[in-house]
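Please walk through this structure with the model open beside the text.

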Amino acid sequence: MSTETNDIGSTPPTETRKVGAAFLDALAARRFTAARSLLADHVRFRMLLPSGLKTEADADATIGRFIGWFADGDPFEVEASSAGEVEGRAAVTYRFRLHDADGWQVIEQHLMLDVDADGRVKAIDLLCSGFRSIAMCEPDRVHRFDAGNLGCADGLAGEFRRHMQQIPVGHVLVVSTRDPAAKEDLPPLARMMGHVVRSIEAPGDGRLLMSVERGR
Amino acid sequence: MSDKLIFNCTHGKEDPERATLPFVAANIAAAAGQEAIVLCTIEAVWLGTESGTDGIAQPGLPVLGDLYREFIDNGGNVWLCGACTKPRGITEEQLVKGSTIVGAAKVVEEVISGAKTVAFA
């Protein structure tokens, strides 16, 4: 799991941020009992979901929501996450990729948390993307290529073409790069080679992830 | 179809006149509402970094630092050749507002799409 902190300023971690980070760690590891122990009994939980605004008013119901969302995913992967603080409120963000009865899906949630004097979460405001199907992401159709720091003068185009030619038409190559020029170059390279750029993501750790479907 | 105008700049501090002229032309294009880009290659890649335009002033031409900022304010963009920044140790963290490190494929795709290029040797 890649957890990064993104506090503004250089003050030491506060209790608020530590609680937020601990809640994130527990959710990402699906240790729901540990996550529950960080909540005040009468935590106020407001959720803005694709279906509308929902609320819960106690810790068991709150953690029940997370269990309902994430307990059944298999596999369950953390694509990106961060925990920080905005002047007294903990800010937690994560994106999970999981497989369940509905196939492969990705979900992103943003949480603002208020922490009480006892170090427990007394309020959570959550914004949720909903479960988004990844149509092309069946495991046997997805291939990966870590381009590392290859840039345009280091053979990036040739290596990218070689990897695309190794997968069948219709399959997806997920390319990871850290080179700044490659981040700008890979989408046009893919388009010029007749492929389809499915998604471009910046997980926040300096990499760019691009999913390309082989078009020809 | 791309309407971009790409002005190539190949010089930095070592030749203030050659460093400044592409920005003069590109800034006129940007001020006229055109989508203008200065493509910096070779020593010109320093122009998109912190302090990279410091002290570059050719008599009879605008001070390059001021011109750079005016160009960006007019909606212009500066592309720094990735094959030129890498051997010079220039990273994304060193860039100033308006500059981006790009690779050759991005330029080639724009040209294929109809962008026009203007060379300043």
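Predicted model: local features only at pLDDT ≥ 70, side-chain atom pairs only at ≥ 80, totals over all residues.

In β12(A), A:M210 is the bridge partner of A:I200. The two residues belong to a pairing of strand β11 (residues 196-201) with strand β12 (residues 208-213) of chain A, which runs in the antiparallel sense over five bridges. Strands count as paired here if DSSP finds at least two bridges between them.

Residues are numbered from 1 along each chain as its sequence is written, and chains are lettered from A and ligands numbered from 1 in the order in which they are written.

Two other loops of chain A have backbone features to check. Most residues other than glycine have a negative phi, and most peptide bonds are trans. A:D74 and A:P75 are joined by a cis peptide bond, with omega about 0 degrees. A:P75 sits in the loop between α3 (59-70) and β4 of chain A. A:E87 is not a glycine, yet has a positive phi of about 45 degrees; this residue is in the loop between β4 and β5 of chain A.

Next come the domains. Chain A is assigned domain 1 (3-133) and domain 2 (139-213), with bounds from an automatic or database domain assignment. Domain 1 of chain A gives six residues to the contact and domain 2 of chain A gives five, where contact means heavy atoms within 4.5 Å. The centres of the two domains, taken over C-alpha atoms, are 31 Å apart. Between them the domains bury about 410 Å², with 38% of it on carbon and sulfur atoms. Buried area is the accessible area (1.4 Å probe) that two parts lose on being put together, summed over both.

How many salt bridges are there between domain 1 of chain A and domain 2 of chain A? The count is one salt bridge, and A:E201 and A:R95 form a salt bridge through their side chains at 3.1 Å, N to O. The term requires a side-chain nitrogen of Lys or Arg within 4 Å of a carboxyl oxygen of Asp or Glu. On the side of domain 1 of chain A that touches domain 2 of chain A, β4 (76-86) and β5 (89-100) of chain A are the elements that give two or more residues.

The last topic is the interface of the two chains. Chain B puts 14 residues into the contact and chain A puts in 16. Chain B and chain A bury about 1100 Å² between them, 61% of it on carbon and sulfur atoms. Of the area that chain B buries against chain A, B:K86, B:A105 and B:E109 supply 41%, more than any other three residues. The rule finds five salt bridges across this interface. B:K86 forms a salt bridge with A:D179, and their closest N and O atoms are 3.0 Å apart. On the side of chain B that touches chain A, α3 (82-85), β4 (99-102) and α4 (104-112) of chain B give two or more residues. α4(B) gives the most, with six residues.

Terms used:
Heavy atoms only, no water. Helix = DSSP H or I, 4+ residues; strand = E, 2+ residues; numbered from the N terminus.
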